[in-house]
Amino acid sequence: SSLILLDVSSNVVGDEASEAVYDLLSRENSLAVLNLSNCRISDVHGVSCASGLSLEATCSLLKLDLSHNSLGAWTAAEVHKSVVKSACTTTVNVEGNRRFPDAIRQE
């Protein structure tokens with residue numbers, strides 16, 4: 001069976017989860033929706049999630065929710081670069097993060 005949706009929102013997974021997410025994104029090519037909202041992911045570790053977006057295996061990932069974490073401008077730039085490079089992820093929700101745009105959309 002294939003994993004299509006993973007929702008770990010509102011769980012205190014913290015920064016450790018970002019490495020696990022990168023690992024998941026590098027292996028799982030059927031994941032379409034990943035919800036990491038309100039998981040206490042910091043700016044530094046959010047970059048790992050962003051890096052995972054640009055992997056070839058993530059072409060199935062359509063929606064990523066990173067809202068209500070502790071992400072800032074540095075991660076915003078990395079997420080934007082990864083989404084543009086990926087050309088597959090269509091929506092990234094980042095609302096509720098400090099100094100982070102409300103949404104990044106690629107159409």
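**Close-up views of a predicted model**

**Figure 1. The largest nonpolar core.** The largest nonpolar core consists of 19 residues, and those with the most contacts inside it are Leu34, Leu36, Leu61, Leu64, Leu66 and Val79. Two or more residues of this core come from each of helix H1 (16–27), helix H2 (43–53) and helix H3 (73–86). The structure shown in this and the following views is a predicted model.

**Figure 2. Surroundings of Leu34, a residue of the core.**

Figure 3. H3 comprises 14 residues and spans 20 Å from its first C-alpha to its last, close to the 20 Å expected at 1.5 Å a residue. The residues Thr75, Ala76, Glu78, Val79, Ser82, Val83 and Ser86 of this helix are buried. They lie on the same side of H3, because they cover an arc of only 165 degrees around the axis. In general, an α-helix has 3.6 residues a turn, so residues three or four places apart point the same way. On the other side of H3, Lys81 and Lys85 are exposed. After H3 comes Ala87, which has a positive phi, near 60 degrees.

**Figure 4. Ser30 in the loop between H1 and strand E2 (33–35).** Ser30 counts as buried because its relative accessibility is 17%, and the cut-off for buried is under 20%. A polar atom of the Ser30 side chain lies 2.8 Å from the backbone oxygen of Leu3. Not counting residues up to four places away in sequence, Ser30 touches Ser2, Leu3, Ile4 and Ser60.

**Figure 5. Asn97 in the loop between strand E4 (91–93) and strand E5 (103–105).** With a relative accessible area of 8%, Asn97 is buried. When residues up to four places away in sequence are not counted, Asn97 touches Leu66, Ser67, His68, Asn69, Ser70 and Leu71. The side chain of Asn97 reaches the backbone at two of these residues: the oxygen of Leu66 at 2.9 Å and the nitrogen of Ser70 at 3.5 Å. Asn97 and Gly72 are 25 residues apart along the chain, and their C-alpha atoms are separated by 6.7 Å.

How values were computed:
Residues are numbered from 1 along each chain as its sequence is written. This is a predicted model: local features need pLDDT of at least 70, side-chain atom pairs count only at pLDDT 80 or more; totals for chains, interfaces and linings use all residues. Side-chain values use heavy atoms; hydrogens and water are left out. A nonpolar core is a set of buried Ala, Val, Leu, Ile, Met, Phe, Trp, Tyr and Cys residues joined through side-chain atoms within 4.5 Å. Buried means under 20% relative accessible area, exposed over 50%, partly exposed in between (1.4 Å probe, protein chains only). Helices (H or I, at least four residues) and strands (E, at least two) are DSSP runs, numbered from the N terminus. The expected span of a helix is 1.5 Å times one less than its number of residues. The arc is that of the directions from the helix axis to the C-beta atoms. A polar contact is a pair of N or O atoms within 3.5 Å; within protein, one must be able to donate a hydrogen and the other to accept it, and residues adjacent in sequence count only if both atoms are side-chain atoms. Contact means heavy atoms within 4.5 Å.
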